[in-house]
Amino acid sequence: MTYLYFPGCSLRSTGRAYEESLLAVCRKLEIPLHELDDWNCCGATAYVSIDETRAFTLAARNLAIADHLPQPDGSDPQILAPCNACYMVLAKTHHFMESNAEVRAHVSTALHAGGMTYTGQTRVRHPLDVFVNDFGIDRIAKKVVHPLKGFRVACYYGCQVVRPFSEFDHPVYPMTMDRLVTALGAESVDWPMKTRCCGGSLTGTIQEAGFRLNRALLKEATKRKANIILTCCPLCQHNLECYQQRINRRYGETINLPVAYFTQFMGLALGIPAKELAIQRLFKPPLSPAPAGKQEIHAHA
Amino acid sequence: MPDTDSSHPLRIGFYICHCGHNIAGTIDVASVAHYAAALPHVSVAREYKYMCSDPGQELIQKDIRDLELNRIVVASCSPLLHEHTFRQAVEKGGLNPFFFQMVNIREDVSWVNDNPAAATVKAKDLARAAIFRVSHHRALDKKHVSIHPDALVVGAGIAGIHAALTLANAGKKVTLVEREPTIGGHMAMFDKTFPTLDCAACILTPKMSAVRNHPNIRLLSYSEVKVVGGYVGNYKVTIRRKPRYIKEELCVGCMECIEACVYKEGKTPDEFNQGLSKRKPIYIPFPQATPQVVVIDPATCIEFKSGHCKKTCVSVCDRGAVDFSQKEETIDIDVGTIILATGYATFDPKRLPYYGYGKYPNVYSSLEVERLVNASGPTAGELILRDGRHPKTVGIIHCVGSRDRNTNRWCSRTCCMYSLKLAHLLKEHTEAEVYNFYIDIRAAGKSYEEFYDKLLEENIHFVRGRVAEVTDWAARPSEEGKLVIRVEDTLIGVVRRVPVDMVVLAVGMEPSADAQDVRRMFNISCSTEGFFLERHPKLAPVDTFTDGIFIAGACQGPKDIPDSVAQAGAAAAQALTLIDTGEVELEPNTAYIAEEFCSGCKSCLGICPYTAITRDEIKGKAFINEALCKGCGTCVAACPSGAIRQHLFEDDQIFSEIDGILADDNLTTAGVER
């Protein structure tokens, strides 16, 4: 199984650490990735609220490219979209193309004009789903060389990876990442905020609203004695990590929590060097990399 | 000439019904009648406003007499509704009732077509096909089977109890089978009943002991039906009696053995108390259990687990009722009619993780709260939460597992009312502030709305909105240590956070976990949601599509106690009708063997879904039991030598019907004969 990697805009900018760690983990697990040729912007959530047909066409162009790249064994192509927004938008486009004849007719006409055809064969997948359900949590557990003892992880899924398309987990209380971090030797914290909104782009537009939402997430994670938040979305990671000091100043809080990508966390447990996992790109490096020869990695006290 | 039993030339009468506007509003009935009149062998074609009315039927009978008709076609509604009516009319007119064919131009044409021209063409096509077909109909005899006077009732909740008592009081012998060690079902677990607030046990236990003492009722508790064979009037049923390890005829329910058990305290979650208390391996489910007989659970009894128990239970019983060697028993009975009253399951609230059931100790299901407020419940009626506190605020969340596209779409009908009842009881027991979170209050029953009114005056709070989640996320100091209910209050248009000490989830009603197995065993159907399917939702609500098998209570759909009892009475009346008639007429559309072609290959034996086919070993041919055959036609299609045929679905009948459908619209004089 080769996955067609769809980086989207974030993984080459604010989410570089996500891309570097994702690719490192896939190399380690020997999961073949092939970057989708000539991919374009997914349109994110903004475009569809302005012009539905054009937004769907933009996203469907990616699906149409993938449609003609079947697996070596003939099975359907699979796009791997690590950004939650890309994942949701591509999945939503696929859903509308399959269920709404009017959308499909408009979009197909537009694609035809560019010499492309959409067949609907491509499946859209998120790395969290692929690692846990395709590769298998037991196989991952067997490859752990540095069990991540001492970490109390607040697993943060964000809104888009399980809603509205609950392809691989529960829409309100998902457990995939919690199961994964447990398999990596860490402890997952019971945290009721795991799919609650991080504010998305509100931190850049209506900051008061965005900060209020992030404050609730960070405060509750701190209260539950989490010592790290893990995310699977570049925007969530950015929001939760970058505004902690401003939130502290504004609300008189003392929040100080590292926020990393789940792929970085996986990589550490699998024994990948911190540098390859782009740990240094985080504002608040959470981890003291294991001294040579030591078999465990410990969290900061 | 087609193969008919009549030496007269074919004289067909065709009748098309307006059904008020139902048919005539879409189809040009006059044009269809005019068209049919010109078809071969049609002697008369008429239209009439309501063919099923007495004058309509009289029209057919008069034409049979005056015009010497020998075949009748009626184009009207579905045969499910009126085929029987018209067959009777034809018979009264002096013809064999099967010289008749019905065309459904209402459900199949006018109701599903908004183009009058196209609908009229389709009606003509269908009429032509029926006219071609009816020429090949043969006279058939009606067949009857006798009805065994005894009845079986499966499930002894309130519905099964009421049905069994009704039959027994009418002098019929009834076998009542209950899976659990005691009868009483869910109703026995309830504390009070709405809207009268009389105690459930007080009104139920007299009926339970009436069952126990009735000379016409044989009660088989802790038993399950394993095999059902036979057909209407003549069912053969095998029942498995699970071993209680107590001799039922010797035990008087003194409970000394329970006292004497080597376990000083119970260790196993008590099923009857919803796991809120513990029971011993030897126990009686509740004080008024019927039969008042102890039961031993071999999964937790030391003697069964190790074989090294002191067996204090045996030594203390001076009646010698304890019997560790008891084995499972099988009982075979013959009955004519069966009433299924197998009840329902409550929705498992763990399926909705955002309500925190199983995660937060003070989140309860409604059935748990019934036990919690009950005087013989785990806390003797004192409301103590799992964490030992007494609640000062309680939130009752309605529609948990009901009216929800993600779980069950249906309204469970009882939850609004029992939530109101629990709100009243909780207020009465604790003086707590009680909140109801509801979507709509459905209080449609006698005195139900008045009960709701009364609660509004008791200072119970009502918040309209489906609760989003129950969380221990405290956003402000006043929420610390509380469960917070987050809900959009749709009446004031804000999202509210209501901190409470106790959450009650008003769980909905679902089909029992094994409803599909039961359905298969009794050869009945389920509707899409999994409840047993009635023969007609309005006019045959307790009948099933299998003759002689009736359904009552919540196995047919969510129901409260009054409705369950009413339905149980109706099911008993339907069974009594069959029993007292003594025999039943069978549909004639059964399969039969043309023995000269049958090679005895047995291909048909395994595929018959009704096990109606056996092999006559002397003749070496297949044999079809007409009483068991439902006329599904599977064997007819499967027989490799074409030896199986079916009354009313003979090859010439079907082929001429196809010819009729495919024939040219303009056909007027082409032959009907093949």
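Modeller: Before we start on the domains, one definition is needed: domain bounds come from an automatic or database domain assignment. This is a predicted model, in which local features need pLDDT of at least 70 and side-chain atom pairs count only at pLDDT 80 or more, while totals for chains, interfaces and linings use all residues. Residues are numbered from 1 along each chain as its sequence is written, and chains are lettered from A and ligands numbered from 1 in the order in which they are written.

Colleague: OK, so which domains is chain A divided into?

Modeller: Chain A has domain 1, covering 3-125, and domain 2, covering 136-299. The centres of domain 1 and domain 2 of chain A, taken over C-alpha atoms, are 25 Å apart. In the contact between them, domain 1 of chain A supplies 20 residues and domain 2 of chain A supplies 21 residues, where two residues are in contact if their C-beta atoms, placed from the backbone, lie within 7 Å.

Colleague: Which elements give two or more residues on the domain 1 side of chain A?

Modeller: They are helix H1 (16-29) and helix H4 (84-99) of chain A, and H1(A) gives the most to that side, with nine residues. Helices (H or I, at least four residues) and strands (E, at least two) are DSSP runs, numbered from the N terminus. By class, the side of domain 1 of chain A that touches domain 2 of chain A has eleven nonpolar, six polar and three charged residues. In this scheme Ala, Val, Leu, Ile, Met, Phe, Trp, Tyr, Cys and Pro count as nonpolar, Asp, Glu, Lys and Arg as charged, and the others, Gly among them, as polar.

Colleague: Staying in chain A, at roughly how many degrees do H3(A) and H5(A) cross?

Modeller: The axes of helix H3 (residues 52-67) and helix H5 (residues 101-113) of chain A cross at roughly 65 degrees and come within 9 Å. Here axes are lines fitted to C-alpha atoms, for helices over the stretch in contact, and angles run from 0 to 180 degrees between N-to-C directions. H3(A) and H5(A) make a right-handed crossing; a crossing is right-handed if the near helix is turned clockwise from the far one by less than a right angle, and left-handed if anticlockwise.

Colleague: And which residues meet there, between H3(A) and H5(A)?

Modeller: From H3(A) come Thr53(A), Phe56(A), Thr57(A), Ala60(A), Arg61(A) and Ala64(A), and they meet Val103(A), His106(A), Val107(A), Ala110(A) and Leu111(A) of H5(A). The contact of H3(A) with H5(A) has seven nonpolar, three polar and one charged residues.

Colleague: Let's switch to chain B. How many helices and strands has chain B?

Modeller: Chain B has 18 helices and 34 strands, and its C-alpha trace spans about 90 × 70 × 40 Å along the principal axes. Of the 674 residues of chain B, 45% count as buried; a residue is buried if 20 or more other C-beta atoms, placed from the backbone, lie within 10 Å of its own, exposed if 12 or fewer, and partly exposed in between.

Colleague: Last one: does Cys399(B) count as buried or exposed?

Modeller: Cys399(B) counts as buried because it has 25 C-beta neighbours inside 10 Å. Cys399(B) is in strand S21 (residues 393-400) of chain B, and its phi is near 55 degrees, a positive value in a residue other than glycine. Leu648(B), also not a glycine, has a positive phi of about 70 degrees, but Leu648(B) counts as partly exposed, with 17 C-beta neighbours inside 10 Å.
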